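Take a moment with the chain before reading on. We will go from a pair of strands to a sheet, and then to the helices around that sheet.

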Amino acid sequence: MHFSELGLSADILRAVTEQGYDTPTPIQAQAVPLVLAGRDLMAAAQTGTGKTAGFTLPILQRLAQDTHLSLKRFKPRALVLAPTRELAIQVQQSVFTYGKHVKLRTAAIYGGVAIGPQTKLLKAGVDIVVATPGRLLDHVSQRNIDLSGIEILVLDEADRMLDMGFIHDIRKILALLPKRKQSLLFSATFSDEIRALATGLLRDPVSVEVARRNAPAEAVAQCVYCVDRERKRDLLVRLITENRWHQVLVFTRTKHGADALAERLCKARISAAALHGNKSQGQRIRALDDFKKLKINVLVATDIAARGIDIDDLPHVVNYELPSVPEDYVHRIGRTGRAGASGEATSLVCIDEHKLLRDIERVLKHEIEKRVMPGFEPDPKIKAEPIQKPRSARMAQPARGAKPTIKAPAKPAGNRRPAAAGHHFGSRHR
Ligand code: AMP
């Protein structure tokens, strides 16, 4: 299938072609015509599937069809809610990229930066707002934004928003939107909470499911190095220098661990930076940018911070520590081997993590190749120690099924009230 078969206008198609894309991904092929037709959507798709263009392209087209409305009303017409600043920035970049040839104005609204410039943008009038929930509500309370003109709403990575404790903020925002609107819900997983949210929000939705663009087993070469807890740092240094890895995303379980490891790598003359929620917005943007431009070799990140990071052709992912939720392993290694590129995922596993490794292998339905680096053989005398669960450990269910399917309409389960979100650290994103 070619993009030109999706019903997109010449202006939008031109931007897509300039981006070098000719074939829509499965989620795009399914979602674009449905969104253009004005349908509500419940989409099971995660980062890496091309979902952002899947909703951005048709939204731009729908809004561009009657730009006179935007100019007249001075109120935003589309709202995209995203869990993190990084994702909000990435979505806004997509809006810019694909909206190059249409006259629509957009703003990214997220916390951790001064509110003034955002206020100015909003007051000047924008058509599309991409926002994290907390900061958006700050603007609402300061009367910087009027959401009564929203025609299209997108909840992007809805499961993450709920994991991060945003459910109350989301409900407050939904209450400010007009009843009649088109709503699109994207989520990697469909817990009861997500279904409850969907039930109240979506009208006769079409349900769309796609597998990750590259299932890990196909595109990513995975291996495990068995190593002692205290020797992981030295092994990582060895792997990076010996193999001349130039762009490595390393996952640690904690923010403190990320900082300590980045520091240790820098001491070994490997340029590295840490990315986590305690860093300022400026630091996070700079670290990500330096990493993308290969100014630094290694980015050490926690799961939440790395969520939504979108780097084409990222060659190496390292699990410095295994995640405590097996599905996070799949998310992590899904950062590499995208768009048909070959990627490598290396995990450094000590005796404490053997059970986690077995859980992961159970989810993958196959064993991962084990290696031992000469000189780093595990000491059989060392005993396992308990691993502390990070705050972000969660109980989400993986998306059902893997095959692309369209079912209409979806039947979200019952009218259950959503359970209260667990921990709450959404305020950091205000
Ligand atoms: P997303 O799932 O939206 O985060 O997109 C993942 C990556 O796929 C991004 O780097 C996009 O630029 C890229 N991408 C999106 N659509 C296509 C397409 N039709 N062909 C090739 N790459 C694409």
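Two strands pair if DSSP finds at least two bridges between them. Strands (E, at least two residues) and helices (H or I, at least four) are DSSP runs, numbered from the N terminus. This is a predicted model, in which local features need pLDDT of at least 70, side-chain atom pairs count only at pLDDT 80 or more, and totals for chains, interfaces and linings use all residues. Residues are numbered from 1 along each chain as its sequence is written, and side-chain values use heavy atoms, with hydrogens and water left out.

Start with β1 (residues 41-44). Four bridges join β1 to β7, in the parallel sense. Strand β7 covers residues 206-209. V206 and V208 point one way, S207 and E209 the other. In a regular strand the side chains alternate between the two faces of the sheet. All four of these β7 residues are buried, that is, under 20% relative accessible area with a 1.4 Å probe, protein chains only (exposed is over 50%, partly exposed in between).

Now the seven-stranded sheet. Its order is β10-β11-β9-β12-β13-β8-β14; the sheet is open and the pairing parallel. β10 and β14 (369-371) are the edge strands, each pairing on one side only. From one strand to the next, the twist averages 25°. Angles run from 0 to 180 degrees between N-to-C directions, with axes as lines fitted to C-alpha atoms, for helices over the stretch in contact. β8 (residues 220-226) meets β14 through three bridges, again parallel. Y225 stands opposite R371 of β14.

Which strands does α13 lie across? Helix α13 (residues 255-267) lies across β9, β10 and β11, at about 175° to β10. Helix α16 (residues 326-333) lies across β8, β9, β12 (316-319) and β13 (343-349), at about 155° to β12.

Finish with α14. This helix has 12 residues, 281-292, and should span 16 Å at 1.5 Å a residue; its end C-alpha atoms are 17 Å apart, which agrees. The expected span is 1.5 Å times one less than the number of residues. Buried in α14 are Q281, R284, A287, L288, D290 and F291. Their cover includes α5 (85-98), β9 (248-251), β10 (272-275) and β11 (298-301), where contact means heavy atoms within 4.5 Å. After α14 comes L294, with a positive phi near 60°.

Over the whole chain there are 17 helices and 15 strands. Of its 430 residues, 57% count as buried.
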